[in-house]
Amino acid sequence: MQKTLILLKPDCVQKGYIGEVIARMEKKGLKVVAMKMMEMTDDVIKNHYGHLADKPFFPEIVAYMTMCPIVAMIVEGDDSIETMRNMCGATNPLEAAVGTIRGDLALTIRYNVIHASDSEESAAAEVARFFDASEVYSYAKINDSVL
Ligand code: ADP
């Protein structure tokens, strides 16, 4: 079963879309196996967005990600990485298809609601960046067990 790292970014929290986004993931059939509210530190932002550190908009990312707490989650399911990237839609909400999270809930690239790992390598690194092993749970869904 594949795990992926999801961040509900500050605009998601401030606009009251935490439940909406989690509901979409649950309806899709993905399983939440870790979740916490936390503040992003400068160090975590530098690691997480290191590939964008040279971009002129990097200070905007730091300001954005520290506006208020985020919700970090690990979701699990078959092909969860690709599934979540498809559900998020394009990075720029202007280009994200209607029906996707960014296409429906975001307007500009600066505030695009959600992060989802983009590869198996990223997912492994990002899961370890945000969660200790003791914070990650393993459980059966009620429909998984024959009663
Ligand atoms: P994704 O989040 O879809 O994996 P990237 O890794 O390219 O995309 O970008 C990471 C984040 O940086 C974006 O989700 C967005 O919050 C921010 N970002 C990317 N490009 C811009 C931009 N041109 N202006 C402002 N913020 C940006």
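By class, the lining of the largest pocket comprises 9 nonpolar, 8 polar and 8 charged residues. Here Ala, Val, Leu, Ile, Met, Phe, Trp, Tyr, Cys and Pro count as nonpolar, Asp, Glu, Lys and Arg as charged, and the others, Gly among them, as polar. The model is predicted: local features need pLDDT of at least 70, side-chain atom pairs count only at pLDDT 80 or more, and totals for chains, interfaces and linings use all residues. Residues are numbered from 1 along each chain as its sequence is written, and side-chain values use heavy atoms, with hydrogens and water left out.

The largest pocket has a volume of about 600 Å³. A pocket is an open set of points on a 1 Å grid over the protein atoms alone, where a 1.4 Å probe fits, with protein on both sides within 12 Å along at least five of seven lines; lining residues have an atom within 4 Å of a point. Of the 25 lining residues, Lys9, Tyr49, His51, Leu52 and Thr91 are the closest to the centre of the pocket.

The ligand takes up the space of this largest pocket. Around the ligand stand 13 residues, the closest being Lys9, His51, Arg85, Thr91 and Asn112. This shell holds 6 nonpolar, 3 polar and 4 charged residues.

Oxygen atoms of the ligand also lie by polar side-chain atoms. For His51 the distance is 2.9 Å, for Asn112 it is 2.8 Å, and for Arg102 it is 3.2 Å. The protein covers 81% of the 540 Å² of accessible area that the ligand has on its own, by the Shrake-Rupley method with a 1.4 Å probe.

Conventions
A residue is near a molecule or strand if one of its heavy atoms lies within 4 Å of it. A polar contact is a pair of N or O atoms within 3.5 Å; within protein, one must be able to donate a hydrogen and the other to accept it, and residues adjacent in sequence count only if both atoms are side-chain atoms. A molecule sits in a cavity or pocket if more than half of its atoms lie within 2 Å of its grid points. Grid points are joined across faces, edges and corners, and a volume is the space filled by probe spheres set on the points.
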